[in-house]
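This briefing is meant to be read beside the sequence and the structure. The points below are grouped by topic, from the chain as a whole to single residues.

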Amino acid sequence: MRTGMVLPGAAVTPDPDAVAVGEIVGAHALRGLLRVRPYQPTPPSLAAGRRVLLERDGAWSEAQVTHAGAHSRGMLLLGLDGVSDRTAADALRGVRLLARLADLPALQPDEYYHHEVLGFTVETTDGAVIGTIAAIMANGLHDVWEVRAGAREHLIPVVADIVRTIDREARRVRIDPIPGLLD
């Protein structure tokens, strides 16, 4: 932690189950707004009125989001209770933002959180195992799963024509690959 740096909000015990949802990359303007790089597009946990965990170098705190809005190049502008000027905002550069699992909004049946599918086995609809989901990227239109099996890697677009089922209990995804996808 930076010398003399205190995280805003109330200090809390670290939560090993909390999900990282973004990182503060700098200050915006003069009134304490933060530029945040979200780890997924439009994260619902970074909305006005929500509570977030802040973590840097083992120190944790909890603060309320007072403002959330889109910014350029996929960034968000975020206001936090207790951060009211540029100096305070700039001091938070590099702080990770996390959400408690219990605080994550409920999902629709066809939705998933990035953290929950990492490690899922991916197989074709005829049962051939492709590998496991190692990473997730967003390309602006849809997610892309990086699926690895040993030294092999496949990039699987997460679209309805390819992803047929996501079985959370079995930690398995079934896909119907288009020709050439797995070559």
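Accessible areas come from the Shrake-Rupley method with a 1.4 Å probe. On that basis, the accessible surface of the protein chain, in what is a predicted model, comes to about 10,000 Å², with 51% of this surface belonging to carbon and sulfur atoms. The chain contains two helices and 13 strands, and its C-alpha trace spans about 55 × 35 × 30 Å along the principal axes.

**Confidence and overall build**

- The protein chain has a mean pLDDT of 89, and 97% of its residues reach 70 or more.
- Confidence is highest in strand β8 (residues 121-124), at a mean of 97, and lowest in helix α2 (residues 114-117), where the mean is 86.
- Of the 183 residues in the protein chain, 40% are buried.
- When contacts between residues at least 6 apart in sequence are considered, 55% of them join residues that are at least 24 apart.

**The six-stranded sheet**

- Six strands form an open sheet with mixed pairing, and their order across the sheet is β11-β10-β9-β8-β13-β12.
- The edges of this sheet are β11 (152-157) and β12 (163-167), each of which has a single partner strand, so one side of each is left without a neighbour in the sheet.
- From one strand to the next, the twist averages 35 degrees.
- Strand β10 (residues 143-149) runs antiparallel to β11 and is joined to it by six bridges, and within this region Glu-146 stands opposite Leu-155 in β11.

**Strand β4 and its partners**

- Strand β4 (residues 51-56) is largely enclosed by the rest of the structure, because five of its six residues are buried.
- β4 pairs with strand β5 (residues 59-70) in the antiparallel sense over six bridges, and the bridge partner of Arg-51 in β5 is Gln-64.
- The hairpin of β4 and β5 has two residues between the strands, and in this hairpin Asp-57 takes a positive phi near 50 degrees.
- β4 also pairs with strand β7 (residues 96-99), again in the antiparallel sense, over three bridges, and here the bridge partner of Glu-55 in β7 is Arg-96.

**Ala-99 in strand β7**

- Ala-99 lies in strand β7 and counts as buried, because its relative accessibility is 1%, where the cut-off for buried is under 20%.
- Leaving aside residues up to four places away in sequence, Ala-99 touches Ala-18, Val-19, Val-21, Ser-45 and Leu-104.
- Although Ala-99 and Arg-50 are 49 residues apart in sequence, their C-alpha atoms are 9.2 Å apart in space.

**Glu-116 in helix α2**

- Glu-116 is placed in helix α2, the element in which the mean confidence is lowest, at 86.
- With a relative accessibility of 19%, Glu-116 counts as buried, since the cut-off is under 20%.
- The side chain of Glu-116 reaches the backbone nitrogen of Tyr-113 at 2.8 Å.
- Beyond residues up to four places away in sequence, Glu-116 touches Leu-107, Arg-168 and Arg-171.

Technical notes: Residues are numbered from 1 along each chain as its sequence is written. This is a predicted model: local features need pLDDT of at least 70, side-chain atom pairs count only at pLDDT 80 or more; totals for chains, interfaces and linings use all residues. Side-chain values use heavy atoms; hydrogens and water are left out. pLDDT is the predictor's confidence in each residue, from 0 to 100. Helices (H or I, at least four residues) and strands (E, at least two) are DSSP runs, numbered from the N terminus. Two strands pair if DSSP finds at least two bridges between them. Axes are lines fitted to C-alpha atoms, for helices over the stretch in contact, and angles run from 0 to 180 degrees between N-to-C directions. Buried means under 20% relative accessible area, exposed over 50%, partly exposed in between (1.4 Å probe, protein chains only). Contact means heavy atoms within 4.5 Å. A polar contact is a pair of N or O atoms within 3.5 Å; within protein, one must be able to donate a hydrogen and the other to accept it, and residues adjacent in sequence count only if both atoms are side-chain atoms.
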